[in-house]
Protein chains: 2
Amino acid sequence: MNIAEEFKPLFYPEAVAVVGASEDQQKYGRYCVQGLIDSKFPGPIYPINPRSPTILGLQAYPSLKDVPGKVDLAVIVLPNSLIPEVLLDCANKGVRGVVIISAGFKEIDDRKAGIELEGRIAHLANEAGIKIIGPNTFGMINTHANLDASFTPYLARLRKGPIALLSQSGGICHFLIPWLMNEGETIGFSKVVGLGNRANVEFADMIEYLSQDTETELIAMYIEGLDNPRRLMETAKKVKGKKPMVAYKVGRSKIVDQASLSHTGSLAGRYELYSAAFRQAGIISAYSLMELFDVSKALAIQTPPRGKNVAVASPIAGPVVIGADICESNGLKLAKFSPERQDEINRLIPPIVIRTNPVDLTYTAWDVNVYLEVAKIILEDKNIDALIFNYGYHDGYPPLPSKELIKLSQIYRKPIIVAIGVPMPIWGEKIVELQAHGIPVYPTPERACQALLGLVKYGEALGWY
Amino acid sequence: MNIAEEFKPLFYPEAVAVVGASEDQQKYGRYCVQGLIDSKFPGPIYPINPRSPTILGLQAYPSLKDVPGKVDLAVIVLPNSLIPEVLLDCANKGVRGVVIISAGFKEIDDRKAGIELEGRIAHLANEAGIKIIGPNTFGMINTHANLDASFTPYLARLRKGPIALLSQSGGICHFLIPWLMNEGETIGFSKVVGLGNRANVEFADMIEYLSQDTETELIAMYIEGLDNPRRLMETAKKVKGKKPMVAYKVGRSKIVDQASLSHTGSLAGRYELYSAAFRQAGIISAYSLMELFDVSKALAIQTPPRGKNVAVASPIAGPVVIGADICESNGLKLAKFSPERQDEINRLIPPIVIRTNPVDLTYTAWDVNVYLEVAKIILEDKNIDALIFNYGYHDGYPPLPSKELIKLSQIYRKPIIVAIGVPMPIWGEKIVELQAHGIPVYPTPERACQALLGLVKYGEALGWY
């Protein structure tokens, strides 16, 4: 069986059961059922609870074996000691994917007992050909299958898109995603998976699976610690070139080993070793939640520039200075324009601003056509590989010229990254349009530059420079 | 005359004129008048334009001398060559504050002519006792006087608050402020000043003035380059201890010198020298727009902890790991709890999570009273100086316990910093309440930690540790 087949019952189930379903507002079993309902999961949902005939309006069953139809995926929310028995029920029922929300395995203080119990469930699952997400996870979401198999119903509202997020921590997903929603982000996710303790599904398995997933363009990872880092690196080397991978690895300080061990049962390990190994394996490092997403977005929709020569332009000058600073101090080059192109630019903008690279368009800000003309000249220049296009917001400025930028990027096939000085929702439709055509948009010049740096790091990983 | 009196006509004018007012939608002269109208400036607004009897519904005058009443502040939007003459008109009319929006001074390519013209206007202004904001600026806002003396009407919507922002770039203000508005930030600004070329008002003058301004609790600065860095440092040393100061200085790369020279007429200068000088002068360094604001907010409403021993707690585990990592790798210490306090905590939460510092409250998340009890024990502990209180969002969790946190901070008088995993607007009123009582709130655990680091740096600047 190939890997796509192996993971199909997990990510594309035809029917889902929630073992430990409940109506109690203080039990995760309630929210797992609610998540499936809210995500408009198209197949049958079977709440399993021996004491309730219905749960949230759905018919409930005393146990898995009482369910009339077939079940592909079971979401399990029961005390840790009951899990082995439930896994036997799953095996008998032909369930091939389970999400084990329950904690109390290798992450606990009594580490010996925890490891033993986790080993037992892994063994049972492996015998029965069952893939486990977890234990000790918030669950997972596959937007493209309308499947919120997590304990968090609001994640059912997640936007469909090209980014797969693998996280050792559910909490991180619960910080990142609402923050993106608030920012007015228009790029969405294919799959969001809380790997938790990784009883028999590891980062390595997931990146191998996702490398073949047509709905995923990029793999983003939040990593605390790994039991077998070598396996991840070896798999990543195989995936390199097929799909970009970005990782935010915690563990710069020693204290994290202990916290991470208690959280998802793995030592964080030596940070420097991870950084070097990531680089070799073609995984791009990010250093914060925000950078993880910003770089992932750029890599999900755009290919790296063919070189490291960047131009920065802006109708307001501050971002020109910040952008130039960030690019140059991180190994990009604000190259000189070729003499002919510089002459053309000089004919368009007055000498009272900087017209070499970076280009300050303050005095032509009212006339977006001049700005677009300058952008065209820059992109035509053989000395330039990518453009950071800052745009300002002012009551009197014309709206963001999305169609024209898309056209330029299609003609010149060089990355354009846009920074806008305005809340994203104000230009929502234009941002949807730009991002659908490979032009990522960020709210500040710094984040636009970080994203371009991410593209260049991927170009380096591919050996392009 | 003391400095408060000198700057009064600028920041608290009784009447304002706009010289170069216009109705043309492509002229800044229109938006300067609109900004004054939109900010509900209570005194008379006099548009000056020799060709229009009215502008935006206001009676216009051919020149300053035709204005019937007194004028304290003139906003000037005319070509650079006309400015000396207008300054003479201002002197004759008794105007004591001017904002010169116009560019074309020491920042231009023909540097000799630019410097000469700027020297001339500085001389004229000094002779007449006129303070100049600019030239080459977007203007300034004093929220507490309902004064938007800038070319950007939407800045009239700026929230009143304790932060003064001094910026060499208007563009930076135009990126930072909409972004904060979008994030649902509830802390506002006292004054936002685009210093531009600083003809006769420098950063040093402004921090001296603001150190006495009762509406300002903190001074935030965006700096490109300074002509006389020594003067800023000497003034800052005097202000140190009175009001915290935070600066984001660009110029890590060499290219910035050129860009900054063309932008506001100053070399960016050696970055390392600035960093060291800032530290000596008690100015806290920030490294991005976001950090500039995040640290400024914490320092505007909270005093530094008495030591560097920090505790991190969270009802979801990921932020515990990230928070511990950032704190420990930046010189803070996640100290051990005293044995008695650790015993008390162990009685409240189960052994399946980390209960030393950091504290993972995953299994008590439904019951916010347990979390608050743990927070109380932590704050009582003599080993701990500050608490990072992460809160999660889940459909089933109780709302953020703002009143209880405020009470704890008042009893124990130790800084509490809150990170919430939810869009800020959802808990808007609770955030207003917390921030009004000295508890800053951030959307991610990373930003909460950075803010605490800023508090500690200020404690260091004050020689507390």
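**Notebook: loops, sheets, cavities and symmetry**

I began with P135(A), which is found in the loop between β7 (131-133) and β8 (139-142) of chain A; helices (H or I, at least four residues) and strands (E, at least two) are DSSP runs, numbered from the N terminus. I note that the model is predicted, so that local features need pLDDT of at least 70 and side-chain atom pairs count only at pLDDT 80 or more, while totals for chains, interfaces and linings use all residues. Residues are numbered from 1 along each chain as its sequence is written, chains are lettered from A and ligands numbered from 1 in the order in which they are written, and side-chain values use heavy atoms, with hydrogens and water left out.

**Entry 1: backbone exceptions**

I looked up the peptide bond between G134(A) and P135(A) and found it cis, with omega of about 0°. In the loop between β7 and β8 of chain A I also located N136(A). N136(A) is not a glycine, yet its phi is positive, at about 65°. For reference, most residues other than glycine have a negative phi, and most peptide bonds are trans. In chain B I recorded a cis peptide bond from N357(B) to P358(B), with omega of about 5°. P358(B) belongs to the loop between α12 (339-348) and β16 (359-360) of chain B.

**Entry 2: the five-stranded sheet of chain B**

I traced an open sheet of five strands in chain B, ordered β2-β1-β5-β6-β7 with parallel pairing; two strands pair if DSSP finds at least two bridges between them. Its edge strands are β2 (45-48) and β7 (131-133) of chain B, each of which pairs on one side only. On average, neighbouring strands of this sheet are turned by 20° against each other, direction ignored. Axes are lines fitted to C-alpha atoms, for helices over the stretch in contact, and angles run from 0 to 180 degrees between N-to-C directions. I found β6 (residues 97-100) of chain B joined to β7(B) by three bridges, the two strands running parallel. Within this pair, V99(B) has I133(B) as its bridge partner. Helix α2 (residues 28-38) of chain B lies across β1 (16-19), β2 and β5 (73-76) of chain B, at about 165° to β1(B).

**Entry 3: the seven-stranded sheet of chain A**

I then followed an open sheet of seven strands in chain A, in the order β9-β8-β11-β10-β12-β13-β14 and with mixed pairing. β9 (147-150) and β14 (283-286) of chain A each have a single partner strand, so one side of each is left without a neighbour in the sheet. From one strand to the next, the twist averages 20°. I recorded four bridges between β8(A) and β9(A), which run antiparallel. Here N142(A) stands opposite L147(A) of β9(A). Helix α6 (residues 203-210) of chain A packs on the sheet and touches β10 (160-167), β11 (189-194), β12 (218-223) and β13 (245-249) of chain A; contact means heavy atoms within 4.5 Å. The direction of α6 makes about 170° with that of β12(A).

**Entry 4: cavities**

I listed five cavities of 30 Å³ or more. A cavity is a set of points on a 1 Å grid, over the protein atoms alone, where a 1.4 Å probe fits but cannot get out, and its lining residues have an atom within 4 Å of a point. The largest cavity has a volume of about 50 Å³, the volume being the space filled by probe spheres set on the points, which are joined across faces, edges and corners. Its lining is formed by F151(A), H174(A), I316(B), G392(B), Y393(B), H394(B) and Y397(B). I classed the lining as four nonpolar, three polar and no charged residues; Ala, Val, Leu, Ile, Met, Phe, Trp, Tyr, Cys and Pro count as nonpolar, Asp, Glu, Lys and Arg as charged, and the others, Gly among them, as polar.

**Entry 5: symmetry**

I laid chain A on chain B by a turn of 180° and a shift of 0.0 Å along the axis, with an RMSD of 0.0 Å; the superposition is by least squares on the C-alpha atoms of residues with pLDDT of at least 70 in both copies. The two copies are therefore related as by a two-fold rotation axis. Among the residues of chain A, E183(A) comes closest to the rotation axis, its C-alpha at 3.4 Å.

How values were computed:
1 Å grid on protein atoms, 1.4 Å probe; cavity = no way out; pocket = protein on both sides within 12 Å on 5 of 7 lines; lining within 4 Å.
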